[in-house]
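The stops below are meant to be selected in order.

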Amino acid sequence: MFTTETLYVPPPALAEGAHVAGRAAYDALVREAAADHQAYWARLAREFVEWKRPFKKVLDASNAPFFKWFEDGTLNASYNCLDRQVHAGLGAKVAILFEADGGEVTRVSYADLLARVCRMANMLRAQGIKKGDRIVIYMSMSIDGVVAMQACARIGATHCVVFGGFSAQSLRDRIADTGAVLVLTADQQVRGGKHLPLKAIVDEAIGLGGCEAVRRVVVAKRTGADIAMRHPRDLWMNDLLACQADTCSPEWVGAEHPLFLLYTSGSTGKPKGVQHSTGGYLLHAALTTKWTFDLRPEDMFWCTADIGWVTGHTYIAYGPLALGATQVVFEGVPTYPDASRFWTMIQDHRVSIFYTAPTAIRSLIKAAESNAETHPDRFDLRSLRILGSVGEPINPAAWEWYHRHVGGGRCPIVDTFWQTETGGHMITPLPGATSLVPGSCTLPFPGIDAAVVDETGADVPNGQGGILVIKKPWPSMIRTIWGDPERFRKSYYPDDFKGGYYLAGDGAIRDAETGYFTITGRIDDVLNVSGHRMGTMEIESALVACTELVAEAAVVGRPDDTTGEAICAFVVLKGSRPTGDEAKAIAKRLRDWVGKEIGPIAKPKDIRFGDNLPKTRSGKIMRRLLRSVAIGEAITQDTSTLDNPMVLDQLMHSN
């Protein structure tokens, strides 16, 4: 699959000083984990986490797949992230450099962040919140959002962050399912120069019913908008915080105490609440932040994700803070006031580690090539040391552009595969140890026993595609689906799947020579066209490899009487959207291109052109909506999370 020409070896200077320095160091960690899985994780848990009561039992597998890690140990996640840094002399160090949508910058030190968290925690306690209560956080990217998460952890409350773009119905479902007793929100959020409602959506959500457990709604002032306050339920956060002390003793909890619930996005029917523990999750958050990004004390770290997604949990709210890092937190969007916003911020804040999504990269490629003023080549990005990719596989053409134009050809790209359910990175390069291949997430993180198997659970040879599984439990894994353990078992450890492995739900293939993993798409995104199985990601990558024409592409399947399934491609061109004969000519050219790149069987039967693809405000392509478009059915799913809902009508009528 790969050739030696496609390998990018770690820069020697980086490899020499990296936390995992060279392939031999990586291999040694893999051997250590394989020799004694529990001892390996126990060593790291003692190194990366400060325990109030040290654990003695490492793994309890007696009720598999409901695994427990470090169960008899006690700790506090907020203490590990904040008090620990202040006690180590980092109180004056900047913890968060916050840039607002309008460009205003606020710097918060570790000492200040600890004080803010303590005031928020005391406020929650004053409202009667106790250990084990669930709190829903419905806020935008902000210092307050991170403080709220840490404050919940400090008092042993379980937080559930809901992305600020979700609809009232989606918010209601999560409030009801968690049994939340308090909602933390803001008057409005600011994105792309627009003021968008938050508190009004909370009111609507609670009004839909099923949220009777909610006793209080606490509202932060972001814009000062005139909003409805329903007394005595609704209270202003600023007023409550003003009378609180800036010290708060942490609630020591067991390692298996639920730190947070996070609902998987895009699902239909009842929301699926992923439950994560405190000890095992915090370990993997800190460990992967340090090793995957080779994080050093002097780095300026920037993860562009929203705290409403798991990436924002692990690589904003917990991982960097547990290591005493300085990080950028950004309120806005990459295209406001123009598409150079990311590059300007990297330049101005001297960002050294930059972690973003392939969809953002691809959209910025299109913007840069249509407007030279927004091209990253015009900005001083020499501070960058490590680049990262998250959310979905990055196609090779976008990888190469990212590497060349953003990283200057010198920055390793860590293409990270993981899930909401895994808590942190599962398969990823380590920048000082792994030679890189565009489009491949390379090798498992040390201690993660990943494999590719067939439908019976048997390993398949390298070079042959199959189903991605994790053979052994790991500390940060999902513990259960909140309130529905049977659904957890059926979803991730189904009885009809042999081996007792964690079923990731993704297809994968390992290179015959290197053993590198490439994710081929969700199992339900593997198309069967005339008996030939193809991953949608492979076809998408082929389309985007036509760099002269294509900026973005998404591929789905639709039923076909002749071939069983037909390939339907949705394409965004670098130029204007074509119509009529021009669209037919470009579609033929792209079909021929895919036929040349993969083979005639992979030629899309339908190609539709749009100005964009339907995406959430975090940049995730909503492929389930594209499937509806492909088969011509009416869109009945909730589209309120889309950043650009009008594009659906455009795509529906584009062929």
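In which strand is Thr-326 found? Select strand 17, residues 326–330: Thr-326 is found there. Helices (H or I, at least four residues) and strands (E, at least two) are DSSP runs, numbered from the N terminus.

Before going further, note that this is a predicted model, in which local features need pLDDT of at least 70 and side-chain atom pairs count only at pLDDT 80 or more, while totals for chains, interfaces and linings use all residues. Residues are numbered from 1 along each chain as its sequence is written, and side-chain values use heavy atoms, with hydrogens and water left out.

Buried means under 20% relative accessible area, exposed over 50%, and partly exposed in between (1.4 Å probe, protein chains only). A polar atom of the Thr-326 side chain lies 2.5 Å from the backbone oxygen of Val-94. Leaving aside neighbours within four places in sequence, Thr-326 is in contact (heavy atoms within 4.5 Å) with Lys-93, Val-94, Ala-95, Asp-299, Met-300 and Phe-301.

Next select strand 16, residues 300–303. Strand 16 pairs with strand 17 in the parallel sense over three bridges; two strands pair if DSSP finds at least two bridges between them. Met-300 and Trp-302 point one way from strand 16, Phe-301 and Cys-303 point the other way, and all are buried.

**Aromatic pairs**

Show the rings of Phe, Tyr and Trp. Over the whole structure, a search finds 34 aromatic pairs. Rings of Phe, Tyr and Trp (its six-membered ring) pair if their centres lie within 6.5 Å; planes under 30 degrees apart count as stacked, over 60 as edge-to-face and the rest as tilted. Trp-69 and Phe-70 have ring centres 5.7 Å apart and planes at 55 degrees, so this pair is tilted. Trp-69 is buried at 0% relative accessibility, and Phe-70 is buried with a relative accessible area of 0%.

How are the rings of Trp-302 and Phe-342 arranged? Their centres are 5.1 Å apart and their planes stand at 75 degrees, so the pair is edge-to-face. This pair links distant parts of the chain, since Trp-302 is in strand 16 and Phe-342 in helix 12 (residues 341–349), 40 residues apart. Both Trp-302 and Phe-342 are buried.

Move to the loop between strand 6 (134–138) and helix 6 (143–155), where Ser-142 is found. Ser-142 is buried, with a relative accessible area of 13%. A polar atom of its side chain lies 2.9 Å from the backbone nitrogen of Gly-145. Leaving aside neighbours within four places in sequence, Ser-142 is in contact with Phe-98 and Val-329.

Met-141 lies in that loop between strand 6 and helix 6 and counts as buried at 4% relative accessibility. Beyond its neighbours within four places in sequence, the contacts of Met-141 include Phe-98, Ala-305, Ile-316 and Val-329.

**Backbone details**

Two cis peptide bonds can be inspected next. One joins His-231 and Pro-232, with omega about 5 degrees; Pro-232 lies in the loop between strand 11 (216–220) and strand 12 (234–236). Another joins Tyr-336 and Pro-337, with omega about 0 degrees; Pro-337 lies in the loop between strand 17 and helix 12.

Then select Arg-350, in the loop between helix 12 and strand 18 (353–356). Phi of Arg-350 is near 55 degrees, a positive value in a residue other than glycine. Arg-350 counts as partly exposed, at 41% relative accessibility.

Which strands form the open sheet, and in what order? Four strands form it, in the order 21-22-24-25, with antiparallel pairing. Strand 21 (450–453) and strand 25 (517–522) stand at the edges, each with a single partner strand, so one side of each is left without a neighbour in the sheet. Five bridges join strand 24 (residues 502–510) to strand 25, and the bridge partner of Arg-510 in strand 25 is Phe-517.

Finish at helix 16 (residues 536–544), where eight of nine residues are buried. Among them are Met-537, Ile-539, Leu-543 and Val-544.

Methods:
A polar contact is a pair of N or O atoms within 3.5 Å; within protein, one must be able to donate a hydrogen and the other to accept it, and residues adjacent in sequence count only if both atoms are side-chain atoms.
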